[in-house]
Amino acid sequence: MRVVSDPGYAEVDLSASAEELTWLASAVAKGEGLLSSTSSPGSDTLAGVEVLKSSGPGVLIRRDAERQILVISGDSAGRAVLAENLRALATDEDGGHLHIDYFPGHFYLAEGSLPLVVNSPHGGMPTR
């Protein structure tokens, strides 16, 4: 798994294998887990992703600057939606990516969530 914080766009870019995305989806559904990232010295790569339960409302995606880690926390209903989206991306062999961006009234993301782009382990944009 590779998790890169893009300071220019204030978003995080996540690339992972299908197995890693499936594991992340399971951790998000459960509300607990920690997955390490591969990193390069001197890069904007984060150390990993930590998943936590919280009372919500919704899911908050944030960067823990001190530990250089992406934190996903939230209530069970919001985490269930995010987990299903991650699981679908891991298994859909058509490729593409998933933009997870907060907007006012978002049905599962909490205000203040960082934008997250999750890349398909099956390649770029779908061919259909």
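What order do the strands of the open sheet have?

## The sheet

In this predicted model, where local features need pLDDT of at least 70, side-chain atom pairs count only at pLDDT 80 or more, and totals for chains, interfaces and linings use all residues, the open sheet of four strands has the order E3-E4-E6-E5, with mixed pairing. Residues are numbered from 1 along each chain as its sequence is written, and side-chain values use heavy atoms, with hydrogens and water left out. Strands (E, at least two residues) and helices (H or I, at least four) are DSSP runs numbered from the N terminus, and two strands pair if DSSP finds at least two bridges between them.

E3 and E5 (59-64) stand at the edges with a single partner strand each, so one side of each has no neighbour in the sheet. E5 pairs with E6 in the antiparallel sense over six bridges, and Val59 has Gly74 in E6 as its bridge partner.

## Helix H1 and its surroundings

H1 packs on the sheet, where it touches E3, E4 and E6, contact meaning heavy atoms within 4.5 Å. Among the residues of H1, Leu21, Leu24 and Val28 are buried, that is, under 20% relative accessible area with a 1.4 Å probe, protein chains only. Just after H1, Gly31 takes a positive phi of about 90°.

## H1 against H2

The axes of H1 (residues 18-30) and H2 (residues 76-91) come within 8 Å and cross at roughly 170°, axes being lines fitted to C-alpha atoms, for helices over the stretch in contact, with angles from 0 to 180 degrees between N-to-C directions. The two helices are therefore roughly antiparallel, a term for angles over 145 degrees.

Terms used:
Parallel < 35°, antiparallel > 145°, perpendicular 65-115°, else oblique. Buried < 20%, exposed > 50% of the residue type's maximum accessible area, 1.4 Å probe, protein only.
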